[in-house]
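Subject: A structure to look through, with notes

Dear colleague,

Please open it first, and then read my notes beside it.

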Amino acid sequence: MPHATALPATGHRPRWWTELPLIAVVYGLYSLGRLLVRGDVSTAVDNGLAILRFEQALYLNAEHPLNRLFTSTPSIGIPADFAYASLHYLVTPAILIWMFRRRSAAYRAARVWLMNSTLLGLIGFTLVPTCPPRLLDAGHGFVDTMAQYSAYGWWGAGASAPRGLSGMTNQYAAMPSLHVGWSLWCGVLLWRHAKHPLLRAAGVAYPLITTIVVMGTANHYFLDAVAGAAVMGLGALLTRPVIRLADRVKGRLRTAYATVRTASEPVKSPIVSAGCKTSAGERIPGQRTSSADSPDAAADGAGAGRATGAGPGAGPGAATGASANDDAPAAAR
């Protein structure tokens with residue numbers, strides 16, 4: 001599934017304060033939806049028996065021998081129960097955080113792939129409520145290993161739910177197996193992006209071990225595991241279209257926000273004075289004026305003219321006389 005994990009970088013690093021709430025909201029909606037779509041118990045039992053008969057017709061009955069091995073060998077059954085009850089909730093977030101910190105260019109595609117597949121799994125729980133093998137009548141030959149070894153862990157009869165909280169889970173959400181689906185997601189990312197050979201080997205082993213565990217503990221049929229892998233494949237195919245759609249919606253929202261913000265802002269005049277003018281003779285404080293335009297200079301010039309006899313109505317001769325008097329000796333004046 002390279003197209004789901006090798007998208008080109010978007011040019012910015014994802015931010016944890018936006019990613020964490022998004023993941024929390026999606027997982028919360030998934031958990032709530034899974035709890036609400038419990039379905040009819042009789043329908044879930046019928047679907048479980050139909051799957052079991054179909055597998056037996058195809059000679060795919062791997063659940064019975066694995067379940068007998070786990071129930072008869074505590075050294076295998078107890079670790080398997082711990083793995084079923086914990087790794088699903090530990091390894092998946094750890095891989096997501098690792099991708100966020102070390103492989104940020106492929107992180108967004110990996111996150112969208114996981115979310116797509118999880119929501120598709122929720123649709124499967126809604127359309128096909130399925131009774132797991134451990135909840136079938138004992139005559140079908142299955143033993144609930146988590147109930148058998150419940151004294152060793154925090155769970156009770158309600159699968160991996162803590163004691164007393166089995167009523168808060170949907171025990172008929174077996175088809176598809178997201179235990180297998182999420183482990184496959186982890187395995188693909190480790191194989192593609194890890195550099196150490198041991199991590200890449202873990203990427204191969206983890207989904208295989210998870211498939212054996214879910215069948216040996218009688219929590220899933222083999223076809224549940226196949227459906228979990230199919231859901232992850234479909235989620236990978238939808239990764240690119242979902243990212244393009246999200247980018248398109250985000251771009252339109254930004255454009256709409258920019259338009260509204262521009263429309264709400266007052267229009268500013270390009271003229272500094274914004275159309276305001278000073279009246280004649282009015283001076284703006286601190287304004288510099290030339291001596292020719294200064295009113296004080298004009299007044300001083302008028303006073304000087306009167307002092308020299310060059311008042312209004314004085315002809316050119318007055319100015320000439322003043323000049324002549326300036327040129328006369330001081331004793332004559």
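This is a predicted model: local features need pLDDT of at least 70, side-chain atom pairs count only at pLDDT 80 or more; totals for chains, interfaces and linings use all residues.

Residues are numbered from 1 along each chain as its sequence is written, and side-chain values use heavy atoms, with hydrogens and water left out.

**The chain as a whole**

The secondary structure comes to 12 helices and zero strands, where helices (H or I, at least four residues) and strands (E, at least two) are DSSP runs numbered from the N terminus. Of the 333 residues of the chain, 35% count as buried; here buried means under 20% relative accessible area, exposed means over 50%, and partly exposed lies in between, with a 1.4 Å probe and protein chains only. The chain exposes about 19,400 Å², and carbon and sulfur atoms supply 65% of that area, which was computed by the Shrake-Rupley method with a 1.4 Å probe, counting for residues only the protein chains shown as cover. If we take the contacts (heavy atoms within 4.5 Å) between residues at least 6 apart in sequence, 82% of them join residues at least 24 apart.

**The core**

The largest nonpolar core has 25 residues, a nonpolar core being a set of buried Ala, Val, Leu, Ile, Met, Phe, Trp, Tyr and Cys residues joined through side-chain atoms within 4.5 Å. Those with the most contacts inside this core are Ile95, Trp98, Met99, Trp113, Phe125, Trp185 and Leu189. The elements that give two or more residues to the core are α4 (74-102), α5 (104-127), α7 (178-193) and α9 (222-237).

**How the helices pack**

Two packed helices are described by the angle between their axes and the distance between the axes. The axes are lines fitted to C-alpha atoms, for helices over the stretch in contact, and the angles run from 0 to 180 degrees between N-to-C directions. Angles under 35 degrees count as roughly parallel, over 145 as roughly antiparallel, 65 to 115 as roughly perpendicular and the rest as oblique.

For α5 and α7, the angle is about 165 degrees and the axes are 10 Å apart, and the two helices are therefore roughly antiparallel to each other. Their contact is made by Ala106, Ala110, Trp113, Leu114, Ser117, Thr118, Gly121 and Phe125 of α5, together with Leu178, Trp182, Trp185, Val188, Leu189 and His193 of α7.

Helix α3 (residues 63-72) and α4 have axes that come within 5 Å and cross at roughly 105 degrees, so these two are roughly perpendicular. Leu69, Phe70 and Ser72 of α3 make this contact with Pro74, Ile76, Gly77 and Ala80 of α4.

Finally, α9 and helix α10 (residues 239-264) pack at about 40 degrees with their axes 4 Å apart, and they are therefore oblique to each other. Here Gly235, Ala236 and Leu237 in α9 meet Thr239, Arg240 and Pro241 in α10.

**Residues in the loops**

Most residues other than glycine have a negative phi, and most peptide bonds are trans. Against that background, please look at the peptide bond from methionine 175 to proline 176, which is cis, with omega near 0 degrees; proline 176 is in the loop between α6 (145-148) and α7.

Tyrosine 59, in the loop between α2 (41-57) and α3, has a positive phi, near 55 degrees, and counts as exposed at 77% relative accessibility. Alanine 218, in the loop between α8 (197-216) and α9, also has a positive phi, near 65 degrees, but alanine 218 is buried, with a relative accessible area of 0%.

Threonine 130 is found in the loop between α5 and α6 and counts as buried at 0% relative accessibility. Leaving aside neighbours within four places in sequence, threonine 130 is in contact with Ala44, Asn47, Gly48, Ile51, Gln171, Tyr172, Ala173, Ala174, Met175 and Tyr221. Threonine 130 and alanine 50 are 80 residues apart in sequence, yet 9.6 Å apart in space, C-alpha to C-alpha.

With best wishes
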